[in-house]
Amino acid sequence: MKDTTKHPCFNKENAGSCGRVHLPVAPKCNIQCNYCNRKYDCVNESRPGVTSSILKPFQAAEYMDAVLEKEPRITVAGIAGPGDPFANPQEVLETMRLLNKKHPHLLFCLSTNGMGILPYLDDIAELGVSHVTITMSAVDPAIGAKIYSWVQDGNTIHYGEEGAKLLLDRQLKAIKGLKDRNIIVKINSIAIPGINDDHLLEVAKVASELGADIQNIIPLKPTADTLFADIEEPNHSLIGPLRKAATPYIKQMTHCKRCRADAVGLLSKDQSASLCGTLQACAQ
Ligand code: SF4
Ligand code: SF4
């Protein structure tokens, strides 16, 4: 039986002793968030969506071997992009299968927008995925329409409120389906001033009603060449009260580092720069 408390993001008390690795095996995405610009970079930027390389599943398994040799405190293997895991489901499931065979002691974690996860709920439960994060920043399609440019369902692209409603519907079903399978669920909610900051309490309430375990309200990191590039990054005086108001409904994460898609190491000591060469060697 794995000790699920050894996940440093879900359990702050273990963040100083347990590390995580993000395996960048999922380049494509099935939605467009208005704050996201995925750029492949080596060490210059630290934010979600950034990685120095993309790995194939067998390369991710080899990289995992190398990482564990250098940093044995890693307890979690996660996939957080740089796109969305379920826009790349075959690569993600194959990676999880390989890790399950080679490193069954690790906790497995996936971070997704929730759009494409529903057909794979049984697979991920069988593969031993214990932690899933769903990024849900609105529970009202009118607000969601301001956050997402489009969502893709099969070959069809949906825009505006129609797209936001479809995404929300999938997210709500995903949270319930994950909890039905005893998977620990975190809700990431991006706080975007003037767009959804006064709506995040509603998100917390809905997440709580569905049984989600923890919410991570993350300040927007304004990024060049995005629609939200000119919005000012919210500071603690905005985020602190939001977390405080949400706490009676759902436990709050307060130590998120807004990691890269190839983050590795302890949360307080990211080693993606020093392991960049190892990652790139595995990617060849
Ligand atoms: Fe970017 Fe993630 Fe949004 Fe996709 S779901 S557009 S990868 S932030
Ligand atoms: Fe953990 Fe936040 Fe980093 Fe995700 S982005 S691995 S939740 S610290």
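Predicted model: local features only at pLDDT ≥ 70, side-chain atom pairs only at ≥ 80, totals over all residues.
Me: How many aromatic pairs does the structure hold, and what makes the pair of Phe-86 and Tyr-120 stacked?
Reply: There is 1 aromatic pair. Rings of Phe, Tyr and Trp (its six-membered ring) pair if their centres lie within 6.5 Å, and planes under 30 degrees apart count as stacked, over 60 as edge-to-face and the rest as tilted. The ring centres of Phe-86 and Tyr-120 are 5.8 Å apart and their planes are at 20 degrees, so this pair is stacked.

Me: Which parts does the pair tie together?
Reply: Phe-86 belongs to the loop between β3 (74-79) and α2 (89-102), and Tyr-120 to the loop between β4 (107-112) and α3 (121-126), so the pair ties together parts that are 34 residues apart in sequence. Helices (H or I, at least four residues) and strands (E, at least two) are DSSP runs, numbered from the N terminus.

Me: What makes the charged end of Lys-2 sit over the ring of Phe-108?
Reply: The rule asks for NZ of Lys or CZ of Arg within 6 Å of the ring centre and within 35 degrees of the ring normal. The charged end of Lys-2 sits over the Phe-108 ring, 4.2 Å from its centre.

Me: Which residues are around ligand 2, and how do they divide by class?
Reply: A residue is near a molecule or strand if one of its heavy atoms lies within 4 Å of it. The residues around ligand 2 include Cys-9, Arg-20, His-22, Lys-186 and Cys-259. This shell divides into 5 nonpolar, 1 polar and 4 charged residues. Here Ala, Val, Leu, Ile, Met, Phe, Trp, Tyr, Cys and Pro count as nonpolar, Asp, Glu, Lys and Arg as charged, and the others, Gly among them, as polar.

Me: What about the shell around ligand 1, by class?
Reply: Around ligand 1 there are 6 nonpolar, 3 polar and 1 charged residues. Among them are Cys-29, Cys-33, Cys-36 and Arg-38.

Conventions:
Residues numbered from 1 in each chain as written. Chains lettered and ligands numbered in written order. Heavy atoms only, no water.
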